[in-house]
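Dear colleague,

Here is the structure I promised to pass on to you, and below it I have set out what was found in it. Please keep it open beside you as you read.

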Amino acid sequence: MSLSNKPKSPSKSKTGAMPWAPATMSEFDGVRFLHLDSIWVQGAMRIRKPQHLELEYIQRMMAWMLWRPSAELRSGHALQLGLGAGAITRFCHKVLRMKTTAVELNPTVIQACRMWFHLPEDDKRLTVINEDAGQWVANPEHLQTVDVLNIDLYDHEAAGPVLDDEDFYRHCHGLLVDGGLMSVNLFGRDASFAASARRVAAIFGSDQVWSLTPTKEGNTVLVAARGVVVPDREELERRAANIESLFELPARKWLRMVRPLPLSILNPQ
């Protein structure tokens, strides 16, 4: 595994400290990895298959596709909070061909994605915004403008989600159109899946929140919806088969992993 040069960094603050960790890159066995000046992997891309979703937890973040009718998979507006290596943004823009927006605080991550991770320049369907995600979602101009929301917000220490309180999830709920869906990666040394899940359920309603089993690395993906009517098992199986056939994603495996939030999380003793 070898490190490349870093993208150009912004000026230091008056205190001499960088306001964010600079993005760095490494490669191993045909896969390029994004870091924030640490060993923690913030994203990955298989160099010869840049549109493929390389990391298992990133694939699972696409489980929202199970809750959308097959005819609507390629329609609407997809928003990603926390760009990472741009995998979900590339997939939504290039493969699903949805209107796609990404909000990323760290400008060196945006630079790195465009230098090393095949993120295209903005066009009529793609907008990458260098802004604080918490401020962006709180802007009333964005109410009910998003069909699919993917959240993967971690700093260079990867200790827990950067934004994870009820106010944040309330704003996220407000972004979604009726029938809109949100996926969240919950991971970190100091993170509590149960506490995060309760916050999401308090805003979305416990009947509109589901989780997938954790990956071997410990990432747990939560899916939440705004007013989705869950189809019967037969229809879900048809949708999963369609997703596998069109996009080579393990959707039938996701279906076996999906669970409602247990009562032990919703009503802890």
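Predicted model: local features only at pLDDT ≥ 70, side-chain atom pairs only at ≥ 80, totals over all residues.

Arg32 sits in strand β3, where strands (E, at least two residues) and helices (H or I, at least four residues) are DSSP runs numbered from the N terminus. With a relative accessible area of 14%, Arg32 counts as buried, a term that stands for under 20% relative accessible area, as against over 50% for exposed and partly exposed in between, with a 1.4 Å probe and protein chains only. The side chain of Arg32 makes a polar contact with that of Glu27 at 2.7 Å, and a polar atom of the Arg32 side chain lies 2.7 Å from the backbone oxygen of Trp116. A polar contact here is a pair of N or O atoms within 3.5 Å; within protein, one must be able to donate a hydrogen and the other to accept it, and residues adjacent in sequence count only if both atoms are side-chain atoms. Setting aside residues up to four places away in sequence, Arg32 touches Met25, Ser26, Glu27, Gly43, Ala44, Met45, Ile47, Trp116 and Phe117, contact meaning heavy atoms within 4.5 Å.

Residues are numbered from 1 along each chain as its sequence is written, and side-chain values use heavy atoms, with hydrogens and water left out.

Strand β2 (residues 24-28) runs antiparallel to β3 and is joined to it by five bridges, strands being counted as paired if DSSP finds at least two bridges between them. Thr24 has His35 as its bridge partner in β3, and in the hairpin of these two strands, with two residues between them, Asp29 takes a positive phi near 55 degrees. On to β4 (residues 41-46), the pairing with β3 is again antiparallel, over five bridges, and Phe33 has Ala44 as its bridge partner there. The hairpin of β3 and β4 has five residues between the strands, and in it Asp37 takes a positive phi near 55 degrees.

For the protein overall, there are nine helices and 12 strands, and 53% of the 269 residues count as buried. Among contacts with a separation of 6 or more, 66% are between residues 24 or more positions apart.

Turning to the other sheet strands, an open sheet of eight strands with mixed pairing has the order β7-β6-β5-β8-β9-β11-β10-β12. Its edge strands are β7 (126-130) and β12, each of which pairs on one side only. Helix α5 (residues 166-175) packs on this sheet, touching β5 (77-81), β8 and β9, and its direction makes about 140 degrees with that of β9; the axes are lines fitted to C-alpha atoms, for helices over the stretch in contact, and angles run from 0 to 180 degrees between N-to-C directions. Helix α6 (residues 193-204) lies across β9, β10 (209-211) and β11, running at about 5 degrees to β11.

Within that sheet, nine of the 11 residues of β9 (residues 176-186) are buried, so β9 is largely enclosed by the rest of the structure. Strand β8 (residues 146-151) pairs with β9 in the parallel sense over five bridges, with Leu181 as the partner of Val148, while β9 and β11 (residues 220-225) pair in the antiparallel sense over six bridges, with Val221 as the partner of Asn185.

Two further residues complete the picture. Ala225, in strand β11, is buried at 0% relative accessibility; leaving aside neighbours within four places in sequence, Ala225 is in contact with Gly180, Leu181, Phe204, Gln208 and Trp210. Leu261, in the loop between β12 (259-260) and α9 (263-266), is buried at 7% relative accessibility, and the C-alpha atoms of Leu261 and Trp210 are 5.8 Å apart although the two residues are 51 apart in sequence.

With best wishes
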